[in-house]
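Welcome! Please take a moment with the sequence and the structure before reading on.

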Amino acid sequence: MTTSEEHRVATLLRAAAVPGPRVDIARAIRDGRRRRRRRQTAVAATTAGLAVGVTALGVPWLGADRAVDRVAPPLASAPVSVAAPAALSCAAERLPMPIDGPVAVALSVDPTGRHVLGEIGGGEENNHVVLWSAGSATVLPAAARHPGGVNAAGMVVGTDGAGAGWLWRGGGLVAVTTPAGYDRVLLYAINGRGEIAGTAWGPGERHRAVVWTAEHPDQYQFAAPEGSSATGITDDGTVFGELGARPYRWPGGPLALPAGVTTGTVEAVRGQWAIGTVPGEQHMILPVRWNLATGEVSRLPFGSADAVTRAGEVLATDGAPALLSADGSVRRLPGLPSGGTYQATGLSDDARTVVGSVFEQSRYSPIVWRCN
């Protein structure tokens, strides 16, 4: 039994030969999430991989899905109007490597920008979870696999290869209880209060959104009805996810969808803003942003969206990473002076810290941008 496709971020990390720069880590993460929501049965499949049918290198799957992220014709609701891109003033630097591995990626960052979460691996199921804090790197115990999120206190949550939840707290690894009647969990996010959001799975692919706390990870509370899943939680304890293939929040009910669209996903949420995806024409997947205060949903004119801040700024990609503000202005991230193919996957709440990876000399390295 494998865990969620989302946690198989390391399609890249499984390759015995390091894939070339055309393998998009950020896209692998996003598409894994989408497949997990559209093919829930994959959670219990015995096939290891980020997506069903992935080859050893993952290249055929990634190549086939590049068409999914093309910018599609607008939906019935008007897309966000954006200004011409401006350059961001940022200094990019590589994060220290506490262990060796040909594929090392920074996946996310906590809202303050102090804690960076990532993985380093060599091609098998032995990928190591790494937490970078205050200039130092900590390799989590081998039992920690497939990280889901990190909060401002440096607490990390994730799911191991057998579907058991874990919490990194105070320098130690703690088990997170699987609810009675279910046999595995998938942990996705932890908020500033230490509340953990995830999904419990059981026989017959039953699933339900669950909340735990870092203080009492042996206790749990169901956040929504059977058939729900949780992918995010705000600092006030509002849980976001899906119910019946529709984006939801609890409490609060379903999120708005563009005209003519009946399904969607929530990928990330901060404060009164959320981002996710909706289906488009010709099997395209379109990124959207919700203003939760007004209920408005807007399609973003980018190929993908990976993170959102409390002010509604979105980390987006249309060939290269950029920041899209709530007012439509766009700022482009600079590359490294040494060159290489780079991508960004995580963003702090003040939009001054961005994390991702760079591919050069046949290796992926974790990087962080510090912006003015």
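Two residues are in contact here if they have heavy atoms within 4.5 Å of each other. The model you are looking at is predicted.

Let us start with one residue. Leaving aside residues up to four places away in sequence, Asn 291 touches Gln 272, Trp 273 and Glu 296. Asn 291 belongs to strand S21, which covers residues 285–291. Its relative accessibility is 16%, and buried means under 20%, so Asn 291 counts as buried.

Next, a sheet. Four strands make up an open, antiparallel sheet in the order S7-S8-S9-S10. Strand S7 (147–150) and strand S10 (172–176) are at the edges with a single partner strand each, so one side of each has no neighbour in the sheet. On average, neighbouring strands of this sheet are turned by 20° against each other, direction ignored. S7 and strand S8 (residues 156–159) are joined by 3 bridges, and Val 150 has Val 156 in S8 as its bridge partner.

Now for the charged pairs. The whole structure holds 12 salt bridges, including these:

| Glu 205 | Arg 184 | 3.0 Å |

Asp 318 is partly exposed at 39% relative accessibility, and Arg 332 is partly exposed at 23%. Salt bridges with shared partners also link Asp 235, Arg 270, Arg 310 and Asp 349 into one network. Glu 205 and Arg 184, by contrast, are both buried.

Methods: Residues are numbered from 1 along each chain as its sequence is written. This is a predicted model: local features need pLDDT of at least 70, side-chain atom pairs count only at pLDDT 80 or more; totals for chains, interfaces and linings use all residues. Side-chain values use heavy atoms; hydrogens and water are left out. Helices (H or I, at least four residues) and strands (E, at least two) are DSSP runs, numbered from the N terminus. Buried means under 20% relative accessible area, exposed over 50%, partly exposed in between (1.4 Å probe, protein chains only). Two strands pair if DSSP finds at least two bridges between them. Axes are lines fitted to C-alpha atoms, for helices over the stretch in contact, and angles run from 0 to 180 degrees between N-to-C directions. A salt bridge is a side-chain nitrogen of Lys or Arg within 4 Å of a carboxyl oxygen of Asp or Glu.
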